[in-house]
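The sequence and the structure come first.

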Amino acid sequence: MNHYTIGSLVILALCTLYSLHRLPAVGDRCSALLETGWWADQQALVWQPQGCTLKQYKPPDVRKCLETTTTTTTVLLFAGDSSVRNKFFAMARAVDPKFTPPNEKAHEDIDLPWPPTADNSSSSPSPAAAGALPAVRFLWDPYLNRTDTHDALNSEHVIAVVGSGLWYLRNRAEGSGGIEAWRAAIDKISGKRNVYVSPVPPTVPALLSPERRATLDAESIHWMNEYMSTSATAHLQVFASWNRMALPGETADGLHYSDRVEDRAIGVLLNRVCNKAIVPAHAPFRTTCCFAYPRPRWLVVGAALVTCIGIPVLLYMQVHSSSSSSSKMPSIETLRQMLVFGAILLLMYVCDRTPVFDKLQKRFVAWVFWALVGASTAWGAATWGEDGKGGGGEFLGRAQTDEWKGWMQLVILAYHLMNASTVSGIYNPVRVLVAMYLFMTGYGHCFYFHKKADFGLRRLTAVLLRTNVLAVGLAYTMGTSYMDYYFAPLSSVWVLVVWLTMRVAPQANRTHFVWLKIAVSAAAAKLANDWWHLWPFGLLNRLGVSWSQREWEFRFGTDIFIVYVGMATAIVVLHHGSQLQAHARWPQMKRWATLASVLGLLWYAVFELTRADKFAYNAWHPYVSAVPVLGFVVLRNSSEHLRSHSSSAFRFVGLISLELFIAQFHLFLAADTKAVLVLADSRLWFVNLALVCVVFFVMCQLLANASTAICTWLMVVRSEKQQQRGAATDAAIPMTELPIVEPTNARLGRHDALDRLASGPPIAARLFDSLAARWAVGLSVLVFINWMY
């Protein structure tokens, strides 16, 4: 292994050691809700606790939490002054958005009836009806000295939020006892379980009334809050984070804060109180605040043992054993690549299935998104140059398609990082990027099957293995669904569709009847997906495979025609390419095609921006996506200069685009794509992004090499003589999921790489030398593991 690989493994080892060192001290991030946080967006009021992601509670979620925790008495008790009453109102709005505060009960107790009324309205709170249980209760007790308050706090069934201090300060002259009396009241509730304390809210003196300004001095408020924070040893749970939410622009009277701020404060409280009760302890793990990740399951433990003990032992045996015995095992280089593959999967598990590393909520910031796209464009432009070897001047040559995949993948990474799916004007073009990937799938595989007429199972298996090895490995390691990594199953199914289309009546592939085959295949695919719903999800469910048929039919149906557009393009190039270029009016045809492409792209831009939303656009996408795809293809190949030049940076990214797309779920993003992974300080967003990108790209390069080596080992059975020669490395065969064109020079082309991977010397007839037997055994093992797991 070279110095690059060794250095990457050192980084991986350091990350693992760091995670093991931090694991006991991290906990479940509940304390982060109480003590930390900042406004990630002060306009939209997006609150970010330190290192974890919040669940956005909707009324059904709140009611589910209350039903889960409700026993024989009040579930949530709010007791205290007006600042606590405002939080009670926010909780009432969380239960029922129609709730309106009762002005006439400003200094009285208020009950929120449970269950809600038939019209789901709690706009007129009143004492609970006979037999009804108050889900949320407010007790007006600004001094925290009522007997019923303390009786409720002593009940094990009550979750209470209490707060005091303002009235002690305001009425010092009237005998409230001031700070000393307040401290005695706070000491009485210290150490009580399920009691959370609201801090004394900070004031904005310029907005206070003269009476309040004279009594609510900042120094006293600061001292009171400091006293409560030092009482942590006495188990006083103070929501200090609520004071961090106090924005001067969100208060009208200098003391009470807006409903928006109070709603966010209650959202933090609900995450502290409800997460462990209602957030499911299985993937996807999108909420990480106050959430205890489940222990690793047996499959993860087994994979860790194999990676950390089994493979190193095999490596030692292979190095020190005789050639006759070592020939029965994978080569040294293959074992090393297996070690790398397993180690990176375990690193992903640590990053996204433990609380070791921080995770930040994603949010869309327009200028950051476009800055990332601009930086990627500048990187690609700076490395623009003539292609060195192979593919130069070819229509959709390898260098060009690698570049194409590269810049698209960078845009998709920025799109996912910034949560740009919430913006229809960005979501729609990104849907076209997915269509472009599938266009290349249709074009490349149709081109290969037409030229080679190789419909054998060995090559097909090689393509499917290379496309799916990482996605399947992650599905079982991370406890996710294979469908979550949707591009792998989507690409695999379309490879099979193209193969079947070209495999049936192959003699027609070189005649005009190939158009009939493509049309029939497209019609069958449309009917099977949208009308007949022929996907075997019922059978899969019986085998313990829970995949969403609705999600799959959406993914498949949204781009159902673009693969056939790619196939049609390949047939045109193969059947008529030479004739068109030899035509006397070819230069004129190119100019008209270029003009039509520009107009088509402009039309598409206007069309997608004028759709009502992304859901309205989705209905049109299968029928219009070919316009920008073909427009780009024509413009990219409109001159010899463009065909013979490409960006080396984008080509580099394109070569590992499959790993980048799949691994981003757990190594670039986190919380199953709903958060951003943090390897540095959470507040240093761009520094963290740079660090994560370096680690992410290095790991994906290693994964690409390791996946290639594993696929080669699974496909090739070598003789003892070859083993003794120690063939240089199993990873030497560059595998990709998309063969494009036949190379015209000495450089190894994609389909040649697949042929070489699928080829092997004659071997004795053994069970596992049969590819069909390997398929049967492999699928049986996966079904068994899925049933057990």
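The axes themselves are lines fitted to C-alpha atoms over the stretch in contact, with angles running from 0 to 180 degrees between N-to-C directions. The model is predicted, and local features need pLDDT of at least 70, side-chain atom pairs count only at pLDDT 80 or more, and totals for chains, interfaces and linings use all residues. Residues are numbered from 1 along each chain as its sequence is written, and side-chain values use heavy atoms, with hydrogens and water left out.

The protein chain holds 33 helices and 13 strands, where helices (H or I, at least four residues) and strands (E, at least two) are DSSP runs numbered from the N terminus. Of its 789 residues, 53% are buried, a term that means under 20% relative accessible area, against over 50% for exposed and partly exposed in between (1.4 Å probe, protein chains only).

| Helix pair | Axis distance | Angle |
|---|---|---|
| α24 (residues 586-609) and α25 (residues 614-624) | within 11 Å | roughly 160 degrees |
| α14 (residues 332-353) and α30 (residues 685-715) | 8 Å | about 130 degrees |

The angle makes α24 and α25 roughly antiparallel to each other, whereas α14 and α30 are oblique. In the pair of α24 and α25, contact (heavy atoms within 4.5 Å) is made by Trp603, Tyr604, Phe607 and Glu608 of α24 with Tyr617, Trp620 and Val624 of α25. By class, this contact has 6 nonpolar, no polar and 1 charged residues; Ala, Val, Leu, Ile, Met, Phe, Trp, Tyr, Cys and Pro count as nonpolar, Asp, Glu, Lys and Arg as charged, and the others, Gly among them, as polar.

For the other pair, the residues that meet include Phe341, Ile344 and Met348 in α14 and Leu702, Ala706 and Trp713 in α30. The contact of α14 with α30 has 14 nonpolar, 4 polar and no charged residues.

Notes
Angles under 35 degrees count as roughly parallel, over 145 as roughly antiparallel, 65 to 115 as roughly perpendicular and the rest as oblique.
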